Amino acid sequence: MSKPGTPENPLRVAIVGAGPSGFYAADQIIKDPDTQAQVDLFDRLPTPYGLVRGGVAPDHPKIKSVTRVYERTAAKEGFRFFGNVEVGRDLNVEDFERHYHAIIYTFGAEADRELGIPGEDLPGCHAATAFVGWYNAHPDYADRDFRLDRAKRAVVIGNGNVALDVARMLALDDAELRRTDIADHAIELLDASTIEEIVILGRRGPAQAAYTNPEVRELGDLEEADVVVDPAEAELDPASRAWVDSEDADKTAKVNVEIVEEYARRQPTGKPKRIVLRFLSSPIEIRGGERVESIVIGRNELVEQDGSLRARDTGDREELACDLILRSVGYTGVPLRGVPFDERRGTILNESGRVLESHGGPHRVGHYTAGWIKRGPSGVIGTNKRCATETVEHLLSDVAAGRLLEPESPDPNSIESLLAERGANYVSFSGWEKIDRAEVEKGEPHGRPRVKFVSIDEMLDTAGKGGE
């Protein structure tokens, strides 16, 4: 038989995870002019697009328009989608090795990092990932109860875009929410929210914040919330000021500082809610009886260490009463059985996208990774395209060199037969398109882009038998 990648023996690739990285990798493979390829994209949910569907804030529809690019990939010859297929339940790594020449893991970093402080397990302290999933109609989080109707002050820990997203969602009014594709259950409960103040804690200063300019700027345009910054906290330490004023500082940091300084000059206008940006503040302890009642905050100072400014605890303490805490201090990957994992970094063990057998060890033939599970949770959606391109370049290099798996059953129909044998009710891309159309139709009478299904059973019923 000819080598993989020819019309007689198409390159068979399984991609695990149908978020941006998975679609970018699929597109790069299929459009390669020298390779005849068949790509099967798997996801444990019936719906594709990963965090574009389940993570992007509902009031940011322009970001979600990137799915049109993925739709074009899905329409290409050689592409198939298998939704509602979970690795470890319906298929395992060994199954992929028997049916494909290569496997690319692109399932992201789905777990949240913990604070590691006393009281973190008290009811009322939640991962921001859970809150984001809840208001985005993610099936895993639909039944969460954040008791928004019994809270006056919420504390958001973290200074990235997700932290600002959740703070903003807590501050939007009902009319703003009803123009979006937010989950129906979230609209009702956010409308009934009694939260008056949202405090965002950043452990370093305004110059080191991880959020982007548009995210922090739009806080100042909210109809129902004033943004409050203590002028003393907006003032940079000498080292940060010198860096911001230098040519070494990136534009994002410079503008972030300018925005925060402008907020510090503002006077509250009496809006019903307040978003308070705090800097040089770290959570030390969460206190309460049956639920969260307060948080102890430590005051930091910035010190130079190894060429960068790091936060150091000064020993000063403040106790702030609160009813809800959302931690947004980063994501981490979850190991997949049979795939080498780097516990320290929370990623699949790899070198530039090639999976490694061990630290410093050889490449595991036929196994690759891209996206957050490859490099960690960093960058924006477009970053995943560059990341996937690097991985696919290595894969195609290995195709040319003949360094691939040798599957026993590469026939495309064999994986469908295996799924049928195991009773897996998979959803094809045409099945997803039925779900998509139904959601859009449900939203039209209400002037909304869509009303999302939350129940997987409803999604499967809509997709039809066999996912078609």
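Leucine 280 sits in the loop between strand E10 (273-278) and strand E11 (281-287). Helices (H or I, at least four residues) and strands (E, at least two) are DSSP runs, numbered from the N terminus. The model is predicted: local features need pLDDT of at least 70, side-chain atom pairs count only at pLDDT 80 or more, and totals for chains, interfaces and linings use all residues. Residues are numbered from 1 along each chain as its sequence is written, and side-chain values use heavy atoms, with hydrogens and water left out.

**Loop residues**

Leucine 280 has a phi near 50 degrees, a positive value in a residue other than glycine. Asparagine 84 also carries a positive phi, about 60 degrees, and is not a glycine. Most residues other than glycine have a negative phi. Asparagine 84 belongs to the loop between E3 and helix H5 (93-99). Tyrosine 426 lies in the loop between helix H16 (412-421) and helix H17 (429-443). Tyrosine 426 and lysine 442 are 16 residues apart in sequence, and their C-alpha atoms are 23 Å apart in space.

Buried means under 20% relative accessible area, exposed over 50%, and partly exposed in between (1.4 Å probe, protein chains only).

| Residue | Relative accessible area | Class |
|---|---|---|
| Asparagine 84 | 9% | buried |
| Glutamate 197 | 13% | buried |
| Tyrosine 426 | 14% | buried |
| Leucine 280 | 17% | buried |

Leaving aside neighbours within four places in sequence, glutamate 197 is in contact (heavy atoms within 4.5 Å) with Lys152, Arg153, Ala154, Arg274 and Val276. Arginine 153 stands opposite glutamate 197 in E8. Strands E7 and E8 pair in the parallel sense over five bridges. Two strands pair if DSSP finds at least two bridges between them.

E7 (residues 153-157) is mostly covered, with four of its five residues buried. E7 also pairs with strand E14 (residues 324-327), again in the parallel sense, over four bridges. There, alanine 154 faces leucine 324 of E14.

**An open sheet**

Seven strands form an open sheet of mixed pairing, in the order E3-E2-E1-E4-E20-E19-E18. Strand E3 (79-82) and strand E18 (350-351) stand at the edges; each has a single partner strand, so one side of each is left without a neighbour in the sheet. Within this sheet, strand E1 (residues 11-16) and strand E4 (residues 102-105) run parallel and are joined by four bridges. Valine 16 has tyrosine 105 of E4 as its bridge partner.

**The whole chain**

The protein chain holds 18 helices and 20 strands. Its radius of gyration is 24 Å, close to the 23 Å that the globule rule gives for 468 residues, so the chain is as compact as a globular protein of that length. The radius is taken over C-alpha atoms, and the rule is 2.2 Å times the number of residues to the power 0.38. The C-alpha trace spans about 75 × 55 × 40 Å along its principal axes.

Of the 468 residues, 56% count as buried. Among contacts between residues at least 6 apart in sequence, 76% join residues at least 24 apart.
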